[in-house]
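Please look over the structure shown below. A short report on selected local features goes with it.

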Amino acid sequence: MSKVKKYHPQEIEPRWQQKWEADGLYRSVINKDKPKYYALTMLPYPSGDLHIGHWYAITPSDAHARYKRMNGYNVLFPMGFDAFGLPAENAAIKRGIHPFKWTLSNIEKMRAQLKTMGAIFDWEREIISCLPDYYKWTQWFFLKFYEKGIAYKKFAPVDFCPQCNTTLAREQVWGEDRHCERCGTPVVKKELSQWFFKITDYAEELLDFSGIDWPERVITMQQNWIGRSEGAEVVFHTDAGHEIKIFTTRPDTLWGVTFMVLAPEHPLVQELTTPENRKAVEEYVVQAGRQTEIQRLAADKEKTGVFTGSYAVNPVNGERVPIWIADYVMMGYGTGAIMAVPAHDERDFEFAVKYRLPIKVVIAPSEKDADQELTAAYTEVDDGIMVNSGPFSGIGAKEGKAKVTQWLEEKGIGAKAVNYRLRDWLISRQRYWGAPIPIIYCEKCGTVPVPYQDLPVLLPEDAEFLPTGESPLKRHQGFLHTTCPQCGGPAERETDTMDTFMCSSWYQYGYLSPYYKGETPFDKREADYWLPVDLYTGGIEHACMHLIYTRFFTKAMRDLGLVDFGEPMLKLRNQGIILGEDSEKMSKSRGNVVAPDDLVNRYGADAVRAYLMFGWRWEQGGPWDNRGIEGMYRFLNRLWELTLEPVASPDLNPEAEKLVRRKTHQTIAKASKEIEDFSFNTYLAALMELSNVMAKYKENVYTTEAWEEAVKTILLLIAPACPHFAEELWTALGYGYSIHNQPWPVYDPALAAEESIEIVIQVNGKIRDKAVVPVGSQVKELEELALSTPGVQPYLTGKSVRKVVVVPDRLVNIVVG
């Protein structure tokens, strides 16, 4: 008997990868005879090295796509690179490497790493967002949005380093003192004219998740990010006649306003500040501008502010109230101004106590509490009644909200309003390495869009990167100076580039027909067949940026007539995070990074794939365990030998054959359900259970139909998780090429059904015995069996049986008295 060859993934895997690629096994083309399935996983940034997190997101997603393919779907599972971004620009500054060269070099390495996964990527559909043939269409979308009024320009603050004379990205501002990463100078806020998209026009629609299957956690995060609030908008007038609009969710507390607060960035601050207060106000504005929104809104942060010297009149009672500025009010929420009701708001209460401002109770548990002195804000306002509130005193606060709003409208001093926390999307970046914004400025014609036939506006290859980080586009004469397409006169180009989220908001459409040469970004025939995306996978950390932006983008595309649906991805699933063995987040400084290349070299890609699916619940993740991947490698070796090692002298047993067939069909049912539901750990656990049964009865069933069925089935079931391993064994056993073109096995309920089952026997609800009975036993039979089992006899002696409750195939409960 010849010795079975050993499992050697380092030889097997590259060989099959090369054959699959040469044969075009995973090429995705339109096939109207099959249902389509567009599976998409978030494309990586080309940092230069795939980490284990990439593997954890991608390889289980690939397994699911393979499962769908074996179930008769025509599957598209593409891959590309989100290639613009700050790290490439930093590399240019620090190492003297052009961002394009750095990025393409990293992509070449990462593409090779991705191919070691053995995934079903259709590489002919690859997209790279920094290539001109891709960002031409990113610019095309900008122009379409500009024509429709979605893209517009306004002044907005940016982080600015006065020493380097440049704007900074969020990642370049370091420390609690917010200093420039390059020179250490304290960062300040600076107002710049920048481009925005009107995502707020879609706020209400973005709150509608009907028709899509997304995790509840993501839906809640997006709802909170969009932040819809119902209330009233009220106008206060200053002594000088300025209008200050405020939005409040509690119009029933208007009679409790004792001061107003403006955000330090509010446009009226300068006009309202009196000469004697100007120095203090200006210093405070600078100080507030150096803090992040998170720092300013921190619950435990001491409230600070400065009086402007001006007053406003409360329109409901005519009282003059002082106007302050404070950093806990944000220009980005509501109107950038609030009416302060310290009796019923914790922040306002803390502020009022600190600066000795009046605190007036207007909601109380009862009328007798109207004049109580508060030691803390009374915030249980929905349960109280209105007091000290003019004509509304004595009315319940809940009822009062609607009545006061109606009264405000009748008086012409306010109106019902809906407010959103969501702000318009700022897409301008003062960077080189991004898609140039296709706008030209002409002294005669004003703002002029670049003609479509002139796209793409190319990034200059000879850009000079300064240590300060200032965008070289501002100083590149060849890029900056151009001709106005309308009048032919001298003009200048926009030097801002687009937020990288712009490129990733439409990339799922780019895969349809990469770098398309037609009049629109993608081939309509491809779009009509493949869209929308059926399944999207990736990290939940993208819930409130990328996943909102791509939804907005699709809705805008619908309104442009490019697609006929409003949601880009019908189903979303998020993976968890793999931590280091020390249960900490992986980082080079901690020395706990797990390198997938090393694991592939040692155990093979299939062992890595399978362990990443088996080791944790996929949506949760957890700490890496080297013993776990060792265990998975041993399992594959055992399964290898189990399927290939012959039995010299089988000892056939019909009962064993029946047991193996039953387990085979039970495993098909279990594995199908679990992989469909992204429960990869229990999917693989089911295969392990089947292998144990096969090993136990191998000598009794070898050469029988039951054995061949079990072998074929376990290979078909493991093929999505371990594609090279399954392909090698399938062909070695003479079943032909390729296992990945085989249909997913279908279970027979009759063969999967158990013949007997264990039931519990209770006396007065407590388990006293167990018994194995034929499945489907009659009630009378179970009742007689239960009353005669030895375990219950001591509990029946001297007592009368009042009732016997039978739940077939589960339990019998004997009620005695």
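## Basis

This is a predicted model: local features need pLDDT of at least 70, side-chain atom pairs count only at pLDDT 80 or more, and totals for chains, interfaces and linings use all residues. Residues are numbered from 1 along each chain as its sequence is written, and side-chain values use heavy atoms, with hydrogens and water left out.

## Cis peptide bonds

Leucine 531 and proline 532 are joined by a cis peptide bond, with omega about -5°. Proline 532 sits in the loop between α16 (524-530) and β24 (533-539). Helices (H or I, at least four residues) and strands (E, at least two) are DSSP runs, numbered from the N terminus.

Tyrosine 737 to serine 738 is also a cis peptide bond; omega is near 10°. Serine 738 lies in the loop between α24 (723-732) and α25 (749-752).

## Positive phi

Asparagine 388 is not glycine, yet its phi is positive, near 50°. The residue is in the loop between β15 (385-386) and α12 (397-411). Asparagine 388 is partly exposed, at 31% relative accessibility. Buried means under 20% relative accessible area, exposed over 50%, and partly exposed in between (1.4 Å probe, protein chains only).

Phenylalanine 678 has a positive phi near 65°. Its place is the loop between α21 (654-676) and α22 (680-701). Phenylalanine 678 is buried, with a relative accessible area of 5%.

## The second largest pocket

The second largest pocket has a volume of about 340 Å³. A pocket is an open set of points on a 1 Å grid over the protein atoms alone, where a 1.4 Å probe fits, with protein on both sides within 12 Å along at least five of seven lines; lining residues have an atom within 4 Å of a point. The volume is the space filled by probe spheres set on the points.

The lining has 16 residues, and Gln17, Trp20, Glu21, Phe121 and Trp123 lie nearest the centre. Two or more lining residues come from each of α1 (9-23) and α4 (99-115). The largest share, four residues, is from α1.

## Helices α7 and α17

How do α7 (216-226) and α17 (546-559) cross? Their axes come within 11 Å, at roughly 80°. Axes are lines fitted to C-alpha atoms over the stretch in contact, and angles run from 0 to 180 degrees between N-to-C directions. The helices are therefore roughly perpendicular, a term for angles of 65 to 115 degrees.

Val218, Gln222, Trp225 and Ile226 of α7 meet Leu547, Ile548 and Arg551 of α17. Contact means heavy atoms within 4.5 Å.

Methods:
Parallel < 35°, antiparallel > 145°, perpendicular 65-115°, else oblique.
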